[in-house]
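Okay, thanks for coming, everyone. Have a look at the slide while I talk you through this one.

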Amino acid sequence: MAMLHIIRSSGFSSNALTQCLSMSLPRDSILLMDDGCYNLNHPLLLAAITKQPTLKVHFIGLHASARAQSSANNSFISSTLNEVLELLFNHDNSITWS
């Protein structure tokens, strides 16, 4: 069962990212939105995608831009709000970490 983990808060100010990464499985995906986009450069997330190369990490491009966040890492996939619906339907379940 593939799970979509939606992270809405920064790992620099909450433990949502840490909890999410401890629960994620190889077939899961992560979606960064709202302040979760600050995690694009978080060392824990960067280490996680190195250890777990099958982990897909999406972020909402508009949310990242509004927070002046970007990443040169090709492992992160920029998504639109319309594509979030597709992500939800492509996973068996979702959980929101905030």
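A bit of housekeeping before that. This is a predicted model, so to speak of local features we need pLDDT of at least 70, side-chain atom pairs count only at pLDDT 80 or more, and totals for chains, interfaces and linings use all residues. Residues are numbered from 1 along each chain as its sequence is written, and side-chain values use heavy atoms, with hydrogens and water left out.

Reading from the N terminus, the order is β-α-β-α-β-α-β-α-β. The radius of gyration is 12 Å, close to the 13 Å from the globule rule for 98 residues, so the chain is as compact as a globular protein of that length. That radius is taken over C-alpha atoms, and the rule is 2.2 Å times the number of residues to the power 0.38. The C-alpha atoms fill a box of roughly 35 × 30 × 25 Å along the principal axes.

Now, contacts, meaning heavy atoms within 4.5 Å. Among those between residues at least 6 apart in sequence, 77% join residues at least 24 apart.

On to strand 3, residues 56–60. Which strands does strand 3 run parallel to? Strand 2, residues 29–32, is joined to strand 3 by four bridges, and the two run parallel. Four bridges also join strand 3 to strand 4, residues 76–79, again parallel. For pairing, we ask that DSSP finds at least two bridges between two strands. If you want landmarks, Ile30 has Val57 as its bridge partner in strand 3, and His58 has Ile77 in strand 4.

Strand 2, helix 2 (residues 43–51) and strand 3 form a right-handed β-α-β unit, and so do strand 3, helix 3 (residues 61–66) and strand 4. Right-handed here means that, with the strands pointing away from the viewer, the path from the first strand over the helix to the second runs clockwise.

How many of the five residues in strand 3 are buried? Four of them; buried means under 20% relative accessible area, with a 1.4 Å probe and protein chains only.

Next, the cores: sets of buried Ala, Val, Leu, Ile, Met, Phe, Trp, Tyr and Cys residues joined through side-chain atoms within 4.5 Å. The largest has 18 residues, and those touching the most other members are Ile7, Leu21, Ile30, Leu32, Leu45, Val57 and Phe76. Helix 1 (16–23), strand 2, helix 2 and strand 3 each supply at least two residues, with helix 1 giving the largest share, four. Beyond its neighbours within four places in sequence, Leu45 is in contact with residues including Leu17, Leu21 and Phe76. A second, separate core of seven residues includes Leu4, Met33, Val84 and Leu87.

Last, two residues. Ile60 lies in strand 3 and is buried at 0% relative accessibility. Leaving out residues up to four places away in sequence, Ile60 touches Leu31, Leu32, Met33, Cys37, Ser79, Leu81 and Val84. Ser79, in strand 4, is buried as well, at 6%.

How values were computed: Buried means under 20% relative accessible area, exposed over 50%, partly exposed in between (1.4 Å probe, protein chains only).
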